[in-house]
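Here is a friendly note to read with the model open beside you. Take the points one at a time, and look up each residue as it comes.

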Amino acid sequence: MQTPPLARVLLACSTIFLVATATSCGNDSSGAAGKHEVVLYCALDQVHAEPLIREFEERTGIDVRAEYDIEAHKTVGLVRRIREEQGRPRCDVFWNNEIAHTVSLANDGLLMPYDSPSAADIPEAFRDPERRWTGLAARARVFIVNTELMQGHERPSSMWDLLREEWKGNCGMARPLTGTTLTHVTALYSVIGEEQTLEYLRGIKDNEVNLTSGNATLMRQVREGQTAWGWTDTDDYWVAKSDGYPVDVVFPDADEDGIGTLFIPNTVSILANAPHPDTAKQLVDYILSAEVEERLAKSRSAQIPLHESLRTMEHPFDLESIKPMEVDYQVIGAEITARFAELKELFLD
Amino acid sequence: MNRALRITAGLAFALLCLAPILIMLTRVGVSDLENLGSERTLGLLGRTLRLGLHSTLIAVLIGAPFGFLLARTDVPGASLMRPLGIVPLVLPPLFLAITWTAVFELRGPWATALVLGVNTFPLVALFTAKAAARIDARREEAALLVGGLGTALRMELPLLLPGILTGAALAFAFAVNDWSVPDYISSVGPKFNVYADEIFANWQLEANTGKAVVTALPLVLVTLAALLPALSLRRRGALATLDGDFRRPAPLRLGVWRWPAFAFCAAVVLFAVCGPIARLAFEAGGGTRGFTTTAFREAMATTLEFEREFLANSLIWSAVAATIAVPLALVIAHAIERLRGGRWLEPIVLLPIAVPAILFGIGTINLWNHDATAEIYDGNAMILLLYLGRFLAFPILVLSGAVAALDPRLEEAAELAGAGPLRRLRAIVAPPLRPSLVGGWVLVFVFAMRELDAAVLVPAANHTVIFKAYNRIHFARDDSVAALCLLILFFLVLPGLLWSLFAREKLEVLP
C-alpha cells in the first residue's frame, strides 16, 4: 500500500527530529568520555574567557563545554540555571565575574568545597573559609571623571560628593539593582550602617543623580561628556582610557577616615554533585593560577590581581596605594537578597 | 480527521507548549500572591500600558494608511514597497533601536514608543491590507458612483476597522512585552523602568520561584486581554469568510493624491527599512572613521568566516523547528476549526506567546532536566523543543484562520467518496492552504532565528548567531557587529524573499 504523502511528511519530520536528537546525543559526552570533559558556566565576558579556555583545552586535552551569559542578563541566566538544575546539576565549574551571587549559592548548599593549591597565595579575605569559592582578578569601584568637564571644579574624592549641590544632575551611577553596583550598595549597609546608607540613597535621588542601566553606560556618558563623573568599575574606566577619551580615575574615600575602595573579585567554584569533579578541579586550578590572573590583569579589562606574587607587577593602577574597603563578603552574599528588595522600592519605580 | 492523529498532535502541543508553563504554576503558593498589586508595581504596569498604547497609536497611524494605500490604490511602486514594508516586523527590535539612536538624538520613553511603533506597524498594515482587499467591488463601485472617492472611503472605514483593531491589538501585545528596546534606549539615555524590568529583577534574586512566577501574571493578563479580542476580531467585518460570488475590487484611483500617497509610503519604507539597513552597512564599512567598500567587503567576509558555524546552527535549528511545526500545526488548526467547541482551544494556544520568555525557559529546564531525559536536555534537541514550544502557536493561528475560510462541504464530499483522513488533509485541505503553510513555516523560522530570552537558558543556545550578536552589541559597536547584524537580517528575510520571487501566490502570515 502506498504511504499517503502527509504521513510521509510527518515521517520525515519525525526522522529529522530523531536525527537531531541523535546528533545532540553524539555531542554530549557525559557518559564514557565524560572524564575528559568539564562543563563551565562562565559569567566573565566571553571575549576575555575564550582564549584562556582554549589554552586549557590544548594543554590538558580536556574538552571544556563553556556556556556564557549574555551581558544584558548580568549573570542572572547562569545563576538561575544553577538553581533550577540543582536536582540534576550539569555544570561543573561556575566562573562568576562577581561575588555576591556565588556566596548566595554557597549559602544555599549548591557549591562543593575545594581548596585549590593554585590559590595558596590569595589573601584569606578573598577565599571562603570553607573553600566553597575562591576569588581572583578583582575589579574596584571607582569614579570615572571627564577631565575636560573638571576644569574649574575640585575633583570628587568621596562617595558623599554625589550629593553636593555643585554636581546636581551632572554626576551618575548605575541603578543599584544589578551587577557590581548592587553588590557595592549592599556592602555599604554593613560598612557605614543602614541609616547612613539610606540617607545616601535618598540623597542620590534628591540630587538628581543620573541613574543608568549599567556601569558601561555610565562610562560612555562620562567619556562623551554627557555626565561629568560617576561610579563605575575599573575595567570600564580602563576601556575608556585606552581608547583615548579624556577621562581619569579616582579611588574614593582614601583618606585616613575614609572607608576606602571596594574590590569585587571574580569567583570560581565547583558545583555540589558536579558530574565531572576531577576535571573540574583541574580547570579550577588553572583559572586560579597566577598565570591566568596576570593575563587578565594585562588584558583590556585591567583586572586587579590578588595573588601575592603579582602585587609588584606592572599594572595601570598603582595597586600599593589603593586603600581597600574592609568588607565581609559572606555578609554581602547573605544580605543581598533582602537589600535588593529594599532597593527595588527605591529605584525600580 | 483521524482521531489518533489529533490526539498525538494534541499531546505534542501539551508537552511542548503547555507543560513548561504548568510546571511553573505548580511552584506558586497562596502567599506568593501578596504584594502583587503594590503601588510601585501598579505604577510600573501603568507606565508600560501607556508605552504600549503610544507605540500602538504610532503603529496605527503609520500602518493603517500604509496598508490600505499599497493594497488598494494605484500608488506608484506598490509592488516593491509591499514586501519591504514587512521587513521591520522581521527585524529584531533591538537592531532598529541601535541604528536609530546612533543616527538621531532619540532618548527616553517617547523614543521607545517610536521604535516599537515602527517595529510593529506592519501588523496593522497587513491586517488593514487584508481587510481592504476583501471589500466587494460592487459595494465600492456603488459608493464611488454616489459620492466619489470620499464616500467610498467613508463606506469602507467600518469594514476596515476590525482589521486595524486586530493589528493594533497584536502590536500592543508585542510592545508591552518587549524589554530589549526600553533597556537599550535607557542605556544610551536616562533610565526609565517598565514592568518587564520588575519581572527580570525578580528572576534575578528572588529565591522564591513562585513569587517570580506571580510577578509575570499581570503582564500575561494584559497580553491575553489584547490577544483574545484580536482573535475574535479577525473574523469580523471585511475579514469574515468570503462568500461564493465575491468580486475582487479594482485599484482605487487617487488622482492628485497619488504622488503625496507615494511620498508617504516611500518615507515609511526609507525611515523604517532602508535607513537602519543603510546605517548598518555604513558601520560595517568603517562608519564615522570613513566608509570604504573595501572595508565593507572585508568586514562581511571576516564575519561570515568567524560566525559561519553559529549562523549554520541557527539556520538549521530554526528550519528544522519550522518544518516540524507546520504539519503539527495543521492537524491542531484543523481540529480547532472542525471539532465542536474547538475554537475554545484558541485562547490556550495563545499561552506560550503570552507568558514571559524567561518563565517559559525556566519551565523548560524544570520539565526536561531529569535523568531520564538528560540526553535531550544536554544536547541540541533541547533547542528544537524550546523553539517548537514557544512558536508553534503562530502557525496554528495562521492555519486555523485559513481552515476557517475553507468550505467544509468539500471535505465531507471527499469523505463520502471514500477518502481517508490523511488523504483528505493532503488532497482537500492542504493545497488551498499552501500560502498559509509556507507563511506558518516562515513565522516559526523568523522567530526562532531571533529567539534569545528563553533560549539563552538552554545549553545549545550558546551556539546560535543571535547570542553572539547580542553579546557583541554590548561590548562594541564596531564594523564586525554591524556586519553580523546585516548577515542575520539577510537570512531573516531570505525565505520570504525567495517565496515572493518564485511563487505565484501571496504569502499568508496572518492568523
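**Notes on the two chains**

1. A word on the ground rules. This is a predicted model, in which local features need pLDDT of at least 70 and side-chain atom pairs count only at pLDDT 80 or more, while totals for chains, interfaces and linings use all residues. Residues are numbered from 1 along each chain as its sequence is written, and chains are lettered from A and ligands numbered from 1 in the order in which they are written.

2. How confident is the predictor about chain A? The mean pLDDT (the predictor's confidence in each residue, from 0 to 100) of chain A is 87, and 88% of its residues reach 70 or more. Over residues 21–34 of chain A, however, the pLDDT is below 50, and this stretch has 20 contacts in the model beyond near neighbours in sequence. Where pLDDT is low, the predicted coordinates should not be read in detail.

3. Now the make-up of chain A. It has 11 helices and 10 strands; helices (H or I, at least four residues) and strands (E, at least two) are DSSP runs, numbered from the N terminus. Of the 349 residues in chain A, 51% are buried. A residue is buried if 20 or more other C-beta atoms lie within 10 Å of its own, exposed if 12 or fewer, and partly exposed in between, with C-beta atoms placed from the backbone.

4. Which domains does chain A have? The assignment gives domain 1 (34–137 + 265–316) and domain 2 (139–262); such bounds come from an automatic or database domain assignment. The C-alpha centres of domain 1 of chain A and domain 2 of chain A lie 28 Å apart. Across the boundary, 10 residues of domain 1 of chain A are in contact with 12 residues of domain 2 of chain A. The domain 1 side of chain A that touches domain 2 of chain A has 5 nonpolar, 2 polar and 3 charged residues. In this count Ala, Val, Leu, Ile, Met, Phe, Trp, Tyr, Cys and Pro are nonpolar, Asp, Glu, Lys and Arg are charged, and the others, Gly among them, are polar.

5. Two loop residues of chain A are worth a look. A:E208 has a positive phi of about 55 degrees although it is not a glycine, and A:E208 lies in the loop between α6 (194–206) and β7 (210–212) of chain A. A:N273 has a positive phi of about 60 degrees, and is not a glycine either; its loop runs between β10 (263–271) and α9 (277–287) of chain A. A:E208 has 13 C-beta neighbours inside 10 Å, so it counts as partly exposed. A:N273 has 13 C-beta neighbours inside 10 Å and counts as partly exposed.

6. Of the 511 residues of chain B, 56% count as buried.

7. Where is the largest nonpolar core? Such a core is a set of buried Ala, Val, Leu, Ile, Met, Phe, Trp, Tyr and Cys residues joined through C-beta atoms within 7 Å. The largest one has 278 residues, and those with the most contacts inside it include A:L40, B:V124 and B:A325. Helix α12 (residues 293–338) of chain B gives the largest share of this core, 19 residues. Leaving aside neighbours within four places in sequence, B:A325 is in contact with B:L388, B:F391, B:L392, B:P395 and B:V444.

8. Finally, is B:D479 buried or exposed? B:D479 is buried, with 24 other C-beta atoms within 10 Å. B:D479 is found in helix α22 (residues 479–502) of chain B. Beyond neighbours within four places in sequence, its contacts include B:E283, B:G286 and B:A299.

Methods: Contact = placed C-beta atoms within 7 Å.
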